[in-house]
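Here is a short report on how parts of one chain pack together. Please look at the model first, then read on.

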Amino acid sequence: LFEQDEDPEESLQERPPVVVVMGHVDHGKTSILDAIRKSHVTAGEAGGITQHIGAYQVVADGKVITFLDTPGHEAFTSMRARGANLTDIAVLVVAADDGIMPQTVESINHAKAAGVSIIVAINKMDKPTANPDRVMEQLTQYELVPEQWGGDVICVPVSALTGAGIHDLLENINLVAEVKELKANPDRRAKGAVIEARLDKGQGPVATILVQKGTLHKGDCVIAGTAVGRVRTMKNDKGQFIEEAGPSTPVEITGLTEVPSAGDLFDAVADEKLARELADKRAAEEKERQFSSYQK
Ligand code: GDP
């Protein structure tokens with residue numbers, strides 16, 4: 001039922017990296033996401049205010065970077081549990097005064113299991129008690145050897161508070177993205193995953209989708225998890241109405257008949273009949289999964 005997953009090599013074009021920020025609580029994930037957003041909104045973007053849709057894009061040195069705006073690894077793991085491998089790069093935030101803590105280790109394990117590249121942001125460098133050398137030393141115990149010490153893990157000292165090092169962090173994300181040669185075919189039906197979803201009183205189900213492959217158009221027939229519908233309106237992360245969205249773009253759509261779950265797979269399909277068939281198939285698969293886990 002699904003469209004062929006493999007796109008021919010010649011159809012692939014460069015796409016922006018999708019980045020998640022992970023780390024121990026209070027080490028500054030939210031602050032770093034805010035600092036990035038504030039320092040890199042381009043002039044002319046509706047007063048520079050980004051609306052919260054669960055992901056946003058910035059431009060650094062002419063290159064677009066997509067950030068998942070959900071700090072913490074819960075979102076990340078629930079998405080992976082559903083099969084949606086969204087991220088290319090994980091920024092591991094470690095507070096320079098605090099060092100590696102239990103959730104830092106969890107984050108490292110999740111990122112490794114998912115096969116994403118790790119860049120370390122050593123945060124809170126403005127603090128007098130900051131000790132980046134100790135952080136780097138601790139990292140080596142988890143087989144993350146800093147570039148500074150001959151390894152391949154990029155460590156960037158930053159301060160979300162003062163903004164120091166934030167641009168350097170983005171430059172390094174671009175560097176890693178370039179090495180990874182991230183590509184997708186923009187000329188096919190859209191495929192992606194749900195980042196977040198809610199029920200709005202006036203608009204009905206509203207879902208933020210990350211398009212991973214292809215291009216999503218207003219009016220497309222879609223299925224998200226087991227929710228079907230047609231894209232009625234589509235907005236970008238700046239709250240502007242748009243007509244189409246290509247690979248690595250987060251968009252907020254209306255028009256689904258139910259509220260999907262974060263991590264649900266998303267597909268644009270040929271027609272509504274096919275959408276409903278697919279939804280039934282997925283619902284049956286879900287039941288099967290639940291039944292077999294109940295039997296264990
Ligand atoms: P999260 O739990 O990882 O999202 O951490 P937050 O971004 O909420 O930050 C936790 C606390 O650390 C807040 O009080 C922030 O103001 C503070 N904080 C974050 N980044 C910095 C920094 O670079 N320097 C200093 N001095 N404080 C910071």
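Axes are lines fitted to C-alpha atoms, for helices over the stretch in contact, and angles run from 0 to 180 degrees between N-to-C directions. Helices (H or I, at least four residues) and strands (E, at least two) are DSSP runs, numbered from the N terminus. This is a predicted model, in which local features need pLDDT of at least 70, side-chain atom pairs count only at pLDDT 80 or more, and totals for chains, interfaces and linings use all residues. Residues are numbered from 1 along each chain as its sequence is written, and side-chain values use heavy atoms, with hydrogens and water left out.

**Helix α1 and its neighbours**

The axes of α1 and α5 lie 10 Å apart, and the two helices pack at an angle of about 90°. α1 is therefore roughly perpendicular to α5 (65 to 115 degrees; under 35 counts as roughly parallel, over 145 as roughly antiparallel, the rest as oblique). From α1, Ile-32, Ala-35, Ile-36 and Ser-39 make the contact; from α5, Ile-166, Leu-169 and Leu-170 do. Contact means heavy atoms within 4.5 Å. By class, this contact of α1 with α5 has 6 nonpolar residues, 1 polar and no charged ones. Here Ala, Val, Leu, Ile, Met, Phe, Trp, Tyr, Cys and Pro count as nonpolar, Asp, Glu, Lys and Arg as charged, and the others, Gly among them, as polar.

Helix α1 spans residues 29-39, and its buried residues are Lys-29, Ile-32, Leu-33, Ala-35, Ile-36 and Arg-37. Buried means under 20% relative accessible area, exposed over 50%, partly exposed in between (1.4 Å probe, protein chains only). The buried residues of α1 pack against strands β2 (18-23), β3 (55-60), β4 (63-68), β5 (89-95) and β6 (117-123), and against α5 (166-180).

**Buried leucines and cysteines**

| Residue | Relative accessible area |
|---|---|
| Leu-86 | 5% |
| Leu-92 | 3% |
| Cys-155 | 7% |
| Cys-221 | 3% |

Leu-86 sits in the loop between α2 (74-81) and β5. Its C-alpha atom is 9.0 Å from that of Val-20, 66 residues away along the chain.

Leu-92 belongs to strand β5. Leaving out residues up to four places away in sequence, Leu-92 touches Met-22, Gly-23, Thr-104, Ser-107, Ile-108, Ile-118, Ile-119, Val-120, Ala-121, Leu-139 and Leu-144.

How many disulfides does a search of the whole structure find? The count is 0. A disulfide is a pair of cysteine sulfur atoms within 2.5 Å.
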